[in-house]
Amino acid sequence: FSHVYEFPWFKDASNHFLKTALGGWQFGGIYVAQSGTPYNLIAGTKAGIADPLLLGTAANSQRPNLVGPLNVNLSPNPQADNAPPNKVTGSGLAQPLVGHFGTIGRNVLRINGLNNFDWNLGKTFAITERWKVELQAQAFNVFNHTSFALVSLNARNIATPQVFGYYDGTQSESRNIQLNLRLIW
């Protein structure tokens, strides 16, 4: 959703200074909302043997077995100094037997979505008929909403419970504000 609004104040003012300095300001922005990307769980190696050696599939692409209700909540990884809680326990997932395919389906989870506001406030000042100066204040990720990045292959792998179910980075930057001054001729 994008929007632009030009403030009506002082646009038709008789005072030249008020009309030039305070009239013609514009406020605009972009709002983006996206659902999370579908996410596959991967079982990893079994007994130290990678499935491609047994079944000829892509490296570590086997899915786990669903042995109970699926209970996996993706979350940011706690500090590296602290050992993160093991999320495999109680997740309803288990390693399939060597040489067997897992029973869980594709895309059973979604990573968190994106919710972002970018705003700008600006005005164009005419110097001559041909020359103009544009002043803008731009704010990106106005509400500082963090969107976490895809979970790495390690975090999808139930064979490594210390990182399973944790995001390992972000896909959005923190709030950023900048001022722009542009000469147009």
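Residues are numbered from 1 along each chain as its sequence is written, and side-chain values use heavy atoms, with hydrogens and water left out. Because the model is predicted, local features need pLDDT of at least 70 and side-chain atom pairs count only at pLDDT 80 or more, whereas totals for chains, interfaces and linings use all residues.

Helices (H or I, at least four residues) and strands (E, at least two) are DSSP runs numbered from the N terminus, and two strands are paired if DSSP finds at least two bridges between them. Strand 1 (residues 2–6) pairs with strand 2 in the antiparallel sense over 5 bridges, with E6 opposite Q26 of strand 2. Strand 2 is also joined to strand 8 by 9 bridges, again antiparallel; here I30 stands opposite D118 of strand 8.

Rings of Phe, Tyr and Trp (for Trp, the six-membered ring) pair if their centres lie within 6.5 Å, with planes under 30 degrees apart counted as stacked, over 60 as edge-to-face and the rest as tilted. By this rule there are 9 aromatic pairs. One of them is the edge-to-face pair of W25 and F125, at 6.2 Å centre to centre and 85° between the planes. W25 lies in the loop between helix 1 (16–22) and strand 2 (26–34), and F125 in strand 8 (residues 114–126), so the pair ties together parts that are 100 residues apart in sequence. Relative accessible area classes residues as buried (under 20%), exposed (over 50%) or partly exposed (in between), with a 1.4 Å probe and protein chains only. W25, at 21%, is partly exposed, as is F125 at 24%. A further edge-to-face pair, F117 and F143, has 5.0 Å between centres and 85° between planes. This pair connects strand 8, which holds F117, with the loop between strand 9 and helix 3 (153–156), which holds F143, 26 residues apart. F117 is partly exposed at 26%, whereas F143 is exposed at 51%. Ring pairs join F27, Y31, F117, W119 and F143 into a cluster.

K123 lies over the face of F125, 4.9 Å from the ring centre (criterion: NZ of Lys or CZ of Arg within 6 Å of the ring centre and within 35 degrees of the ring normal). K123 is also among the residues in contact (heavy atoms within 4.5 Å) with E134. E134 belongs to strand 9 (residues 132–140) and is buried, with a relative accessible area of 16%.

Definitions and conventions: Lists of a residue's contacts leave out its neighbours within four places in sequence.
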